[in-house]
Every structure is written in structure tokens, then in C-alpha cells.
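Student: I have a protein model open and would like to learn how to read it. Could you walk me through it?

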Amino acid sequence: SNLEVMSLLQDRMDARQSAETPANNGSDGNTNTNKKGGPFKNRDWIEQAVFDYLKSSPCGSGVKLEEMPSLVERLRRDPSRNTSGTDIQQGYGLTSAETLQVLNHLPTSLVELHVLIEDLENRPGLSYEGVEGSGEEKQTKFLEMISQFAGKEVDGTAVDGEGEEDAENAEMGVKDEPDAMEE
């Protein structure tokens, strides 16, 4: 995942920086400080550019690598194997590719979720079927679980413009009243 790559790059850059620091403190005064980066300056530049890009991506802001295994296990767990009545340990049955996309993009809206997970409305853990609520409620709970991991807020959860129409009506001063003309 992007988080793992970012962690690896950070470790490499830290190790390289700590190795360069004692070399620059040499007493002979004839160190290679004039050759910025030495023979590996292109590699160092690429690693820094990739690290900076990943740092600006959704996974680069406050996500902890040590929490990832439990999230992956929960995303991959088969929803039909849920043993408890609560959704605290609910599985979602995502494929490896879908799990990786969710980890890299950390969706915060239902639109993003529908783009990342194929056939979302027919997934057992996220669908409209079942007794425990509508699919939109299950998908919103899924987004809330992701947001806890990512430390981000869930965006407005309206699908197909449901909430947008109400917001536009409020701006224009239109009230949602039954038609009085039908009498």
C-alpha cells in the first residue's frame, strides 16, 4: 500500500541522513560535501519526490502503519462469517484489489466508495439486503470505520443528489410542503 511505501522511504531517508551526518563531521576537512548527494543523487531525488507525493495523498496525513493489519483483516473478512449481532467486528468481503484501493484512497464519501468497490449495492456486508438497515446506512458505517483509521471526517453522504436538492431549495427559500393545488 502507499502507506507501506511511504514508511519504507522514510526509513531509508532517515538511515541515509544518519549515515551522512558522522561522515560530514570528519576531522580531515576533505569530505565530499561539495558533491551534493554523490553518485546516488538521482535516486535520492526520486525517493524524496515519491515521498512528498505520498505525504500529500490521503494516506499521508496521520494514518498509523501499525493499525493497518486489523483494518485489512476487517475489510477482507467474509460478511457471512459474522458471529456477533453487532457490526463492531463486521466483515466486508472485499477483494485484495479493492482493499488496496480503499487503503490508498481512504474514501470519505459514498461517491468515492461506489467508484472504488465494484458492484457495491450487491455486496452482502454493504448491500440493501438484510434486516440490519439500509445499504446506505451500512455504507455510511463503513465510511465511518475508514474515517476512524484515517483520522478524517466523513463527507456528506447523499447519493444521487438526495441532499443537494434540499440544500438548493433552502438557499432559494423554497419550502418542502405538500401540493395545495390538488384539492
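This is a predicted model: local features need pLDDT of at least 70, side-chain atom pairs count only at pLDDT 80 or more; totals for chains, interfaces and linings use all residues.

Student: Which residues of α2 are buried?

Tutor: Here is the general idea to start from. An α-helix has 3.6 residues a turn, so residues three or four places apart point the same way. In this case, the buried residues of α2 are Asp44, Glu47, Phe51 and Leu54. Looking down the axis of α2, you find its buried residues within an arc of 95 degrees, so they line one face of the helix.

Student: And what is exposed on the other side of α2?

Tutor: There you can pick out Asn42, Trp45, Tyr53 and Ser56, which are exposed.

Student: Which residues are buried in helix α3?

Tutor: Helix α3 takes in residues 68–76, and its buried residues are Met68, Leu71, Arg74 and Leu75. They sit on the same side of α3, because they cover an arc of only 130 degrees around the axis.

Student: Let me step back. How many helices and how many strands does the protein chain have?

Tutor: The count is seven helices and zero strands. Reading from the N terminus, the order of elements is α-α-α-α-α-α-α. The chain has 183 residues, of which 30% count as buried.

Student: Which residues form a nonpolar patch on the surface?

Tutor: Look for Val5, Trp45, Ile46 and Val50, which together have about 400 Å² of accessible area. Helix α2, residues 41–56, gives the patch its largest share, with three residues. Val5 belongs to helix α1, residues 2–24. With a relative accessible area of 38%, Val5 is partly exposed.

Student: Now the inside. Why does Leu143 count as buried?

Tutor: A residue is called buried when its relative accessible area is under 20%. Leu143 has 0% relative accessibility, so it counts as buried. You will find Leu143 in helix α6, residues 135–150.

Student: What does Leu143 touch, leaving aside its neighbours within four places in sequence?

Tutor: Its contacts are Pro107, Thr108, Ser109, Leu110, Leu113 and Val154. Take Thr108 as an example: Leu143 and Thr108 are 35 residues apart in sequence, while their C-alpha atoms are 6.1 Å apart in space.

Student: What share of contacts in the chain join residues at least 24 apart?

Tutor: Among contacts between residues at least 6 apart in sequence, the share is 58%.

Student: Which residues of helix α4 are buried?

Tutor: Helix α4 covers residues 96–105, and its buried residues are Glu98, Thr99, Val102, Leu103 and Asn104. Asn104 has 15% relative accessibility, so it counts as buried. Not counting residues up to four places away in sequence, Asn104 touches Ser1, Asn2, Pro58 and Cys59.

Student: What is there to see just after α4?

Tutor: Check the backbone of Leu106, where phi is positive, at about 45 degrees.

Definitions and conventions
Residues are numbered from 1 along each chain as its sequence is written. Side-chain values use heavy atoms; hydrogens and water are left out. Buried means under 20% relative accessible area, exposed over 50%, partly exposed in between (1.4 Å probe, protein chains only). Helices (H or I, at least four residues) and strands (E, at least two) are DSSP runs, numbered from the N terminus. Contact means heavy atoms within 4.5 Å. Patches are made of residues with over 30% relative accessible area and no salt bridge: like charges are joined within 9 Å, nonpolar side chains (Val, Leu, Ile, Met, Phe, Trp, Tyr) within 5 Å. Accessible areas come from the Shrake-Rupley method with a 1.4 Å probe; for residues, only the protein chains shown count as cover. A salt bridge is a side-chain nitrogen of Lys or Arg within 4 Å of a carboxyl oxygen of Asp or Glu. The arc is that of the directions from the helix axis to the C-beta atoms.
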